[in-house]
Amino acid sequence: MNPDLQDLKAKALVIHERLCAVYGCPIPYFHTLDPVSELISSLLSHRTRNADSGRAFKALRTRYPDWRAMMHAPTEDVEATIEGVTWPEQKAPRLQAVLHAIEERHGSLSLDFLKDMPVEEARSWLESIPGIGPKTSAAVLSFSVLRKAALPVDSHHHRVAQRTALIPQSTAVGPSHAVLAALLPEDWDAQQVYDNHEVMMLHGQRCCFFKNPACHRCAVLDLCPTGQGRVEGRRVSSVRSEAASDDLHSSRSRES
């Protein structure tokens, strides 16, 4: 094995274990949706607050008796139903197009058959449908009742991975899915993979903020070059400020 890759895998495991100690693993699954419903939920959530996408999902379920009814509904009605999400004018036709593609390719509006596929094969099947990317495919497999060992990477997870140097700063969210999944032990089950996503996401939400991360209370500060640089920068700034203050006092003493 590449020594650098081996070191990264060891580092990823230590980060996982420390964050699990902070946020409490195993973490309960937050959804018990069938995979098609999870797909709808995931597509609605793109660049949208959870509360808003959750309301839109409930509104769709209230308005339509099933997803086939939504698929055949006037697109403008679907758009009006999900108006609280970001870009409803794009998401409404995309939702319908994705459902049509599933039915055309599989013969029915169901994704239950993915349970019998290896994770990578199932992800490839999903991502072959326009509008489904790596985050959505992983979410469908991991968060739904399929409960497969697929690793989703959201913006919080991605930020923590970049700052701790598990991935290069230049790695975008999409490509980071395969890179970060490759750092996890091959024998991990779905719960462990889900826990990894959850603790990385929670750390990004509760400590490793986009602006002004709370590095002083970070459980993985010693493994985070970005955090160490920020802390060291504050120390240098503090020393310079103190030195400037001493110079000022000294100058005033000489003046007096």
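**Reading helix packing in a predicted model**

Student: Which residues in α2 meet which residues in α6?

Tutor: V36, L39, I40, L43, L44 and S45 of α2 meet K91, L95, V98, L99 and I102 of α6. A contact here means heavy atoms within 4.5 Å. Sorted by class, the contact of α2 with α6 has 9 nonpolar, 1 polar and 1 charged residues. Ala, Val, Leu, Ile, Met, Phe, Trp, Tyr, Cys and Pro count as nonpolar, Asp, Glu, Lys and Arg as charged, and the others, Gly among them, as polar.

Student: How many helices and strands does the chain have?

Tutor: Helices (H or I, at least four residues) and strands (E, at least two) are DSSP runs, numbered from the N terminus. The chain has 12 helices and 0 strands. Of its 256 residues, 44% are buried, a term for under 20% relative accessible area, with exposed for over 50% and partly exposed in between (1.4 Å probe, protein chains only). Among contacts with a separation of 6 or more, 62% join residues 24 or more positions apart.

Student: How is the arrangement of two packed helices to be read, and at what angle do α2 and α6 cross?

Tutor: Two packed helices are described by the angle between their axes and the distance between the axes. Axes are lines fitted to C-alpha atoms, for helices over the stretch in contact, and angles run from 0 to 180 degrees between N-to-C directions. The axes of α2 and α6 cross at roughly 150 degrees and come within 10 Å. This makes α2 roughly antiparallel to α6; angles under 35 degrees count as roughly parallel, over 145 as roughly antiparallel, 65 to 115 as roughly perpendicular and the rest as oblique. The crossing of α6 by α2 is right-handed; a crossing is left-handed if the near helix is turned anticlockwise from the far one by less than a right angle, and right-handed if clockwise.

Student: At what angle do α2 and α3 pack?

Tutor: Their angle is about 135 degrees, with the axes of α2 and α3 9 Å apart. That makes α2 oblique to α3. The α2 and α3 crossing is right-handed. In this contact S37, I40, S41, L44 and S45 of α2 meet S53, A56, F57, L60 and R61 of α3. By class, the α2 contact with α3 has 5 nonpolar, 4 polar and 1 charged residues.

Student: Which residues of α6 are buried?

Tutor: An α-helix has 3.6 residues a turn, so residues three or four places apart point the same way. In α6 the buried residues are P88, K91, A92, L95, Q96, V98, L99, A101 and I102. They pack against α2 (35-45), α3 (50-63), α4 (67-72), α5 (75-81) and α7 (119-127). Just after α6, G107 takes a positive phi of about 95 degrees.

Student: Is S137 buried or exposed?

Tutor: S137, found in helix α8 (residues 134-143), is buried, because its relative accessible area is 0%. Not counting residues up to four places away in sequence, S137 touches R123, L126, E127 and I132.

How values were computed: Residues are numbered from 1 along each chain as its sequence is written. This is a predicted model: local features need pLDDT of at least 70, side-chain atom pairs count only at pLDDT 80 or more; totals for chains, interfaces and linings use all residues. Side-chain values use heavy atoms; hydrogens and water are left out.
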